[in-house]
Number of protein chains: 2
Amino acid sequence: MSENSLNSVGIVAPQTAHFSEPLTLKNGEVLPQFDLVYETYGTLNASKSNAVLICHALSGNHHAAGKYAETDKNAGWWDNLIGPNKALDTNKFFVIGLNNLAGCHGSSGPSSINPESKKPYGASFPIVTVEDWVNSQARLLDYLGIKTLAAVIGGSLGGMQALQWTIAYPDRVKHALVIASAPNLTAQNMAFNEVARQAIITDPEFYEGDYYAHSAVPRRGLRIARMLGHITYLSDDAMGEKFGRKVKDKIKYSFDVEFEMESYLRYQGDKFAGEFDANTYLRMTRALDYYDPALEFGGDLTAALSKVKAQFLVVSFTSDWRFSPDRSREIVKALLDNELTVSYAEVTALHGHDAFLMPDAHYHTILRSYLQKIEIQ
Amino acid sequence: MSENSLNSVGIVAPQTAHFSEPLTLKNGEVLPQFDLVYETYGTLNASKSNAVLICHALSGNHHAAGKYAETDKNAGWWDNLIGPNKALDTNKFFVIGLNNLAGCHGSSGPSSINPESKKPYGASFPIVTVEDWVNSQARLLDYLGIKTLAAVIGGSLGGMQALQWTIAYPDRVKHALVIASAPNLTAQNMAFNEVARQAIITDPEFYEGDYYAHSAVPRRGLRIARMLGHITYLSDDAMGEKFGRKVKDKIKYSFDVEFEMESYLRYQGDKFAGEFDANTYLRMTRALDYYDPALEFGGDLTAALSKVKAQFLVVSFTSDWRFSPDRSREIVKALLDNELTVSYAEVTALHGHDAFLMPDAHYHTILRSYLQKIEIQ
């Protein structure tokens with residue numbers, strides 16, 4: 001048994017919380033009822049003060065740690081971080097992972113059945129925002145009887161949710177860990193999202209989002225979107241080191257796979273297109289696009305964060321060109337302007353944006369030592 | 001009349017050269033006959049020693065300068081550079097622009113009629129390489145009676161051709177101007193090409209490249225490819241300055257155009273998809289992928305350039321993340337290792353890879369002064 005499996009949270013099972021009270025969304029629409037699927041690891045203490053919420057990124061879900069069966073090949077997506085004696089120690093914390101609204105892993109989303117129509121929501125599922133997610137997550141905490149989070153943690157789009165928690169619910173979160181994130185997207189970030197969405201939307205099997213009714217799947221578009229995504233998750237250097245110009249077999253002068261990198265991208269694209277829901281992908285990218293807490297403060301992030309009370313750990317990675325260290329520094333500066341307690345680490349890493357998911361020793365030591373110092377009353 | 005139109009080469013007309021002697025390609029195939037369409041500006045001197053060849057990039061063609069009619073809205077793609085008293089002065093030089101083999105603007109390519117079958121070549125048109133282009137360009141020089149080029153000039157993929165000229169025909173080229181180029185693609189460069197190709201190839205209207213026979217056009221795929229291309233042509237900063245997070249009208253919470261950048265990308269994609277041939281696009285990206293003169297020298301670019309005799313001007317742009325200055329420096333180093341005469345300029349520019357097409361004063365001054373110093377015998 002490896003050290004990792006010794007430190008595993010073990011066999012876990014997802015649970016579903018049903019919410020029958022309507023949720024008003026940022027776009028004005030009202031979701032009359034919704035489900036959130038979630039998992040928990042560790043034990044909630046008597047004072048319910050040791051909860052840590054994990055916010056997932058674009059393609060993540062509630063299954064952050066452990067396995068569903070001993071025979072499962074893969075553990076949850078952040079299993080290298082979460083477990084007994086791991087950096088996010090489940091001996092100390094009660095860790096909650098959930099699938100966000102509009103997801104495709106059990107929470108209400110475009111591919112789930114609308115209880116009113118008894119058909120998949122499809123295109124009718126609202127376009128949700130980071131703010132909506134955080135509001136729905138607050139409902140989940142209410143449901144679990146948790147008033148205050150010891151910490152909220154997320155990478156990338158998950159980091160935006162962690163930041164938004166401190167803005168929307170300043171009294172309900174003690175610490176926010178914002179990793180490989182940004183206070184909004186750049187034009188280039190949004191441009192990549194737009195190309196991905198257009199690949200999906202113009203796929204003839206998209207049927208304006210109601211492909212379920214046509215027994216169709218816009219696999220081609222979703223595959224292209226994912227291939228493109230993978231380019232932005234890896235740094236130029238990491239791609240160079242991993243694949244370089246390595247030829248798969250021998251050059252055939254064809255449009256088939258010639259280089260190893262092509263094989264990797266096609267594999268990732270095919271795999272994702274067989275698993276993920278295109279309508280969810282569209283909504284996740286829009287949530288990224290729209291998030292901009294400074295907007296209603298005339299672009300002044302410091303003003304946007306003026307009511308924040310949480311303490312922060314902000315982490316960025318040197319080779320992350322999707323959400324570069326500069327973007328994390330913008331958050332740090334705005335927090336410091338507000339005289340908040342902030343730790344900031346710029347981790348030297350080769351792996352680009354993906355580094356936030358990797359078990360890099362230096363990175364995990366930073367998270368471990370920050371989380372160890374959090375006092376639970 | 002603007003200064004620019006005063007310095008115009010005026011009304012031009014393309015010409016076609018037919019080659020009936022077979023051309024053996026790098027992949028082993030033989031093209032039994034082919035056409036090259038070209039334009040010339042200025043006058044070839046008596047000793048035929050003042051010719052400058054323009055090599056085009058991915059989506060370029062032979063129409064580098066001037067207009068076809070006074071009423072034409074746009075001039076040739078490098079009109080800001082080429083003309084009487086311009087940086088590439090047609091009072092001094094005889095400038096030749098051509099459309100490369102596999103192009104879609106008149107030279108033999110997938111969309112042109114195969115004289116043997118009387119049908120479009122389609123998928124049967126060979127996958128050509130930078131080396132093949134240079135060999136076909138040498139045929140064009142023979143046809144025009146030109147033994148030696150005063151200079152060969154190109155940006156991006158055009159720069160690779162300029163470099164290849166000096167390797168393949170060391171005695172036929174006096175000066176090479178290699179701009180915003182690289183000695184081969186990085187894994188990331190190739191990854192973007194692969195996503196673009198896959199968007200085209202998986203378009204249901206691609207019909208394995210024989211869409212002409214089906215009266216179809218893989219517009220969706222070509223549109224995605226072009227949108228993606230435009231992200232890589234502009235720097236992150238240029239996109240930020242040009243579009244930032246500017247909203248087109250007001251946020252509608254939809255997948256329609258919300259941000260100005262989205263409008264720009266869709267416009268560029270739609271325009272290109274209505275004009276360009278998808279099979280050509282596939283071949284241009286493959287030519288980029290395959291070019292790697294150091295490969296047969298065990299990756300040693302210095303060895304690959306050991307027979308070069310030309311003098312060089314190498315230019316890169318600080319914000320070019322597609323072909324970064326580092327890649328130009330690799331070329332410069334290998335040339336210097338061979339004790340060749342090299343000038344190198346790293347131009348501070350905001351516009352990313354696209355800068356090579358822009359009339360930046362500093363950049364054009366560098367080209368002008370280099371070209372002025374070229375002695376014509």
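Me: What makes Glu262(B) and Arg197(A) a salt bridge?

Reply: The closest N and O atoms of Glu262(B) and Arg197(A) are 3.3 Å apart. A salt bridge needs a side-chain nitrogen of Lys or Arg within 4 Å of a carboxyl oxygen of Asp or Glu. So the pair Glu262(B) and Arg197(A) qualifies. The count between chain B and chain A is eight salt bridges. This is a predicted model, where local features need pLDDT of at least 70, side-chain atom pairs count only at pLDDT 80 or more, and totals for chains, interfaces and linings use all residues. Residues are numbered from 1 along each chain as its sequence is written, chains are lettered from A and ligands numbered from 1 in the order written, and side-chain values use heavy atoms, without hydrogens and water.

Me: How do you know which residues belong to the contact between chain B and chain A?

Reply: Contact means heavy atoms within 4.5 Å. By that rule, 51 residues come from chain B and 51 residues from chain A.

Me: What does "bury" mean for chain B and chain A?

Reply: Buried area is the accessible area (1.4 Å probe) that two parts lose on being put together, summed over both. For chain B and chain A that is about 4600 Å², 67% of it on carbon and sulfur atoms. In chain B, Arg245(B), Tyr253(B) and Phe255(B) lose the most area to chain A, together 19% of what that side buries.
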